[in-house]
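Hello! Here are some friendly notes to read alongside the model. Please keep the viewer open as you go through the points.

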Amino acid sequence: VTEDGTQRHAAIWVVHDPGEVPLLAELGPDPLAQAFTPDVLAEILTTAGRTRVKTILRDQRLIAGIGNAWSDEILHTAKLSPYTPANSLDPAGVEHLWTVLREVLRAAADRADGVEPADLKDTKRSGMRVHGRTGEACPVCGDTVAEVSFSDSSWQYCPTCQTDGQPLADRRMSRLLK
């Protein structure tokens, strides 16, 4: 079962073992598992080369369960630009990202604990500092939360907290300005 269009967003699988589902079999490590250490994160980042940290955090094959919204929050809390090359973080930077990543995800899981399914989306949104808050004030510094848009997604960041005040290129706007 799939939706109309070129992107597959829904499917039904009947299997004996979840590992038989290709997308589940390809999932990266659980970032809250004990086995997910700073060394594991360092290996993922080093192997990724100059790929953007934002891209690494969103890729479910590399680290499971983070996605777009939580990667925005993790990068904001870590004070990292989404465009930071994955292999540019020194050991202290990797350790900091690992610590923040786990803190942000644990806090989100704690907020969601015991919440009725119908209320989960609002609970998630209430804990967001930058994601989904384009044009609002950053809760840390008061600057305006900015957005970068691509054809199939957008993400938010704080220019002051994450990019030393520099706006990041928005491909939608860049095409219009040419």
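Leaving aside neighbours within four places in sequence, which residues is Pro159 in contact with?

1. Some ground rules come first. This is a predicted model, in which local features need pLDDT of at least 70 and side-chain atom pairs count only at pLDDT 80 or more, while totals for chains, interfaces and linings use all residues. Residues are numbered from 1 along each chain as its sequence is written, and side-chain values use heavy atoms, with hydrogens and water left out.

2. Back to Pro159: its partners beyond those neighbours are Asp143, Thr144, Ala146, Asp164, Gly165 and Gln166, where contact means heavy atoms within 4.5 Å. Pro159 lies in helix H7; helices (H or I, at least four residues) and strands (E, at least two) are DSSP runs, numbered from the N terminus. Its relative accessibility is 9%, so Pro159 counts as buried (under 20% relative accessible area; exposed is over 50% and partly exposed in between, with a 1.4 Å probe and protein chains only). Asp143 sits 16 residues away along the chain, with 7.3 Å between the two C-alpha atoms.

3. Asp164, one of those partners, belongs to the loop between H7 and helix H8 (171-177). Asp164 counts as exposed because its relative accessibility is 75%. Its phi is positive, near 50°, in a residue other than glycine. Most residues other than glycine have a negative phi.

4. Lys79 also has a positive phi, near 60°. Lys79 follows H4 and is found in the loop between H4 and H5. With 47% relative accessibility, Lys79 counts as partly exposed.

5. Helix H4 (residues 67-78) is largely enclosed by the rest of the structure, because 11 of its 12 residues are buried. Among them are Trp70, Asp72, Glu73 and His76. The buried residues of H4 pack against helix H3 (53-58), H5, helix H6 (120-126), strand E2 (154-157) and helix H7 (159-163).

6. Finally, the axes of helix H2 (residues 38-48) and helix H5 (residues 91-112) come within 9 Å and cross at roughly 115°. That makes H2 roughly perpendicular to H5 (65 to 115 degrees). The contact is made by Pro38, Leu41, Ala42 and Leu45 of H2 and Val94, Glu95, Leu97 and Trp98 of H5.

Definitions and conventions: Axes are lines fitted to C-alpha atoms, for helices over the stretch in contact, and angles run from 0 to 180 degrees between N-to-C directions. Angles under 35 degrees count as roughly parallel, over 145 as roughly antiparallel, 65 to 115 as roughly perpendicular and the rest as oblique.
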